[in-house]
Amino acid sequence: MAELVLKDISKRYGTHEVIRSLSLSINDGEFVVLVGPSGCGKSTLLRMIAGLEEISGGDLIIAGARANDISPQKRDTSMVFQSYALFPHMTVRENISFGPRVRGEPKEDTERRIGRAAEILNLKDYLDRKPGQLSGGQRQRVAMGRAIVRDPKVFLFDEPLSNLDAKLRIQMRTEIKALHQKLGTTIVYVTHDQIEAMTMADRIVVMNGGNIEQVGTPLELYDRPTNKFVAGFIGSPAMSFLDAQTEGAFAVLEDGSRLPISATGQNRYVTVGIRPECYQRDAAGPLSLLVEVVEPTGPEIHIFGKIAGADVRVVLRDRDLPRPGEKLRLSVPVEHVHLFDRESGVRLQAG
């Protein structure tokens, strides 16, 4: 296990800078997820940690030692890729043991580690099968087994679940989190799926345009996003946004609706953020929702519509289905109203 420290890390391709002086500390044994939209630099950052991309500037520290110039095979990291990258002509046992065999490690020690990995990943009954005889989830477990036998200081996962169907993704999320609890090894995990990030991480790093927008626990990011980008990216269904102007303890929307808020200290133009599950039906509520589409999911009703001309999604937990074209009166508890500066997108502190 190892602490991982990135100090002012940058990555350039010619004159194009894709990672900009990024600093991050990952604790020994911590599960950290890098999340963000496509092109934000998260996979590039992971590949720099692995040694598959050259670091243009800054320092990478693994277990107290500078690793910038250490070759990938000597960094004591192990990477699981988006594609399983298994040898189709080899058995599961041969795939898992490939690294130790190439490095000439003792056969007895290799067999012991294969047995341990197979037991952890429930692969003992599949060791003599070939990848073509396995399901997608089983193949991904074999790829993870190949990483485990290295007994690395740091596990690196690059969108390992994106090729699986929805049911398998949920199952593998649980299995990877259980694996971390068993091994206690430092994990850096890259995904574009914020649900994966929320359900698996000790801490989430939200990236955008080669920069870190916010670092925190899943609930910290969900409850107190530092800016509008994080607020809109974290959470599914996504937060809805309404333009308004504050007047004391109210946010006045563009249709004149007056939504109670915690006073910001001055009147200003803001963006109001409201999570879909925070709306409440209220006959005397200040908000008017024009219903456009209704989606009953079983435990919830998802309603698409407009408030003050803005597109919103509202999630209600009742059985009273509204009709398209109907208007619903809604309220939102003050503590669930997020305010962001309209120009900068930065979260505003109430009080």
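**Close-up views of a predicted model**

Among contacts (heavy atoms within 4.5 Å) in the protein between residues at least 6 apart in sequence, 66% join residues at least 24 apart. The model shown is predicted, and local features need pLDDT of at least 70, side-chain atom pairs count only at pLDDT 80 or more, and totals for chains, interfaces and linings use all residues. Residues are numbered from 1 along each chain as its sequence is written, and side-chain values use heavy atoms, with hydrogens and water left out.

**View 1. The protein as a whole.** The protein has eight helices and 20 strands, where helices (H or I, at least four residues) and strands (E, at least two) are DSSP runs numbered from the N terminus. Along the principal axes, the C-alpha atoms of the protein fill a box of roughly 75 × 45 × 35 Å. Of the 351 residues in the protein, 49% are buried; buried means under 20% relative accessible area, exposed over 50%, and partly exposed in between, with a 1.4 Å probe and protein chains only. The protein exposes about 16400 Å², of which carbon and sulfur atoms supply 48%, the areas coming from the Shrake-Rupley method with a 1.4 Å probe and, for residues, only the protein chains shown counting as cover.

View 2. Strand β1 (residues 4–13) and β2 run antiparallel and are joined by seven bridges, and Leu6 stands opposite Leu24 in β2. Ser21 also lies in strand β2, where its phi is near 45°, a positive value in a residue other than glycine, and its relative accessible area of 47% makes it partly exposed.

**View 3. Helix α5 and its buried face.** Helix α5 (residues 166–183) has 18 residues and reaches 26 Å from its first C-alpha to its last, close to the 26 Å expected at 1.5 Å a residue, the expected span being 1.5 Å times one less than the number of residues. Buried in α5 are Leu168, Met172, Arg173, Ile176, Leu179, His180 and Leu183. Seen down the axis of α5, its buried residues fall within an arc of 145°, so they line one face of the helix; the arc is that of the directions from the helix axis to the C-beta atoms. These buried residues pack against β3 (31–35), α3 (107–120), α4 (136–148), β7 (154–158), β8 (186–191) and α6 (194–200), whereas the face turned away from the buried side carries the exposed residues Lys167, Thr174, Gln181 and Lys182. Just after α5, Gly184 takes a positive phi of about 65°.

**View 4. Helix α3 and its packing partners.** The 14 residues of α3 should span 20 Å at 1.5 Å a residue, which agrees with its end C-alpha atoms being 20 Å apart. Thr110, Arg113, Ile114, Ala117, Ala118 and Ile120 are buried in α3, and, seen down the helix axis, the buried residues of α3 fall within an arc of 160°, so they line one face. The buried residues of α3 pack against α2 (92–102), α4 and α5, while Glu108, Arg112 and Glu119 are exposed on the face turned away from the buried side. Just after α3, Asn122 has a positive phi of about 55°.

View 5. Strand β14 (residues 269–274) is mostly covered, with five of its six residues buried. Six bridges pair β14 with strand β11 (residues 240–247) in the antiparallel sense, and Val270 in β14 is the bridge partner of Ala244. Strand β20 (residues 338–341) also runs antiparallel to β14, to which four bridges join it; in β20, His338 is the bridge partner of Gly273 and Leu339 that of Val272.

Note on methods:
Two strands pair if DSSP finds at least two bridges between them.
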